[in-house]
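Let's take a walk through this one together, from the overall layout down to a few individual side chains. Keep the viewer open as you read.

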Amino acid sequence: MPDDATVARVAEETAFAAAKKRARAHVGSTLDLCPDSGASHHFFNDQIYFKSMRRITNAQTVHTASGKAKLEGIGEVDLWLTRSDGRPVVVTIEAYYAPSFVKPLLSVSQLVRDGHSVHFRPQG
């Protein structure tokens with residue numbers, strides 16, 4: 001049986017790994033986050049991105065280009081965005097948990113409705 005220090009270290013490493021993965025959920029990151037101008041809401045496909053989430057108990061689905069997808073939860077995700085002056089800012093958004101999605105979808109229209117602006121430019 002591991003001692004208290006080992007248990008604490010493993011818990012800290014696990015929390016850090018989860019936070020690190022969540023922190024990668026930002027526009028322009030290495031995460032394959034897909035901005036979607038047609039999406040009505042934000043959808044993330046892995047529970048690790050959520051800092052809090054509650055399960056959806058009644059069967060809800062969303063229509064996608066390839067059919068329907070089951071929504072299994074809704075919660076808060078931290079996005080690391082870049083302001084127009086170049087400074088980073090953390091924005092907490094509400095998103096659905098849709099594990100069958102291939103990529104997390106970031107709703108451009110939802111960001112605009114929430115008071116943010118979205119600019120597309122070439123990388124380089």
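Before anything else, a word on contacts: two residues are in contact when they have heavy atoms within 4.5 Å. With that in hand, residues 24 or more positions apart account for 62% of the contacts in the protein chain that have a separation of 6 or more. Bear in mind that what you're looking at is a predicted model.

Now for the layout. The protein chain has two helices and six strands, and reading along the sequence gives you α-β-β-β-β-β-β-α. Of its 124 residues, 30% are buried. The protein chain exposes about 8400 Å², and carbon and sulfur atoms supply 53% of that area.

Next, the charged pairs. Side chains of opposite charge can pair when their charged atoms come close. How many salt bridges does a search of the whole structure find? It turns up three.

Start with Lys51 and Asp78, whose side chains meet in a salt bridge at 3.3 Å, N to O. Lys51 sits in strand β3 and Asp78 in strand β4 (residues 67-82), so this pair ties together parts that are 27 residues apart in sequence. Are the two partners buried or exposed, or something in between? Lys51 counts as partly exposed because its relative accessibility is 41%. Asp78 has a relative accessible area of 18%, so it is buried; the cut-off for that label is under 20%.

Then there's Arg55 with Glu72, a salt bridge at 3.7 Å, N to O. Here too the pair links distant parts of the chain, with Arg55 in strand β3 and Glu72 in strand β4, 17 residues apart. Arg55 is partly exposed at a relative accessible area of 46%, and Glu72 is partly exposed at 26% relative accessibility.

The remaining pair is Asp85 and Arg87, with their side chains meeting in a salt bridge at 3.6 Å, N to O. Asp85 has a relative accessible area of 43%, so it goes down as partly exposed. Arg87 is partly exposed as well, at 49% relative accessibility.

Now zoom in on a loop. Asn45 is in the stretch between β2 (42-44) and β3 (50-64). What does the Asn45 side chain reach at 3.0 Å? That would be the backbone oxygen of Phe101. A polar atom of the Asn45 side chain also lies 3.1 Å from the backbone oxygen of Val102. Leaving out residues up to four places away in sequence, Asn45 touches Tyr97, Ala98, Pro99, Phe101, Val102, Lys103 and Pro104.

Ser100 belongs to the loop between β5 (88-97) and β6 (105-107). With a relative accessible area of 52%, Ser100 is exposed, because that label applies to anything over 50%. Which residues does Ser100 contact once its neighbours within four places in sequence are set aside? They are Ala69 and Lys70.

Notes: Residues are numbered from 1 along each chain as its sequence is written. This is a predicted model: local features need pLDDT of at least 70, side-chain atom pairs count only at pLDDT 80 or more; totals for chains, interfaces and linings use all residues. Side-chain values use heavy atoms; hydrogens and water are left out. Helices (H or I, at least four residues) and strands (E, at least two) are DSSP runs, numbered from the N terminus. A polar contact is a pair of N or O atoms within 3.5 Å; within protein, one must be able to donate a hydrogen and the other to accept it, and residues adjacent in sequence count only if both atoms are side-chain atoms. A salt bridge is a side-chain nitrogen of Lys or Arg within 4 Å of a carboxyl oxygen of Asp or Glu. Buried means under 20% relative accessible area, exposed over 50%, partly exposed in between (1.4 Å probe, protein chains only). Accessible areas come from the Shrake-Rupley method with a 1.4 Å probe; for residues, only the protein chains shown count as cover.
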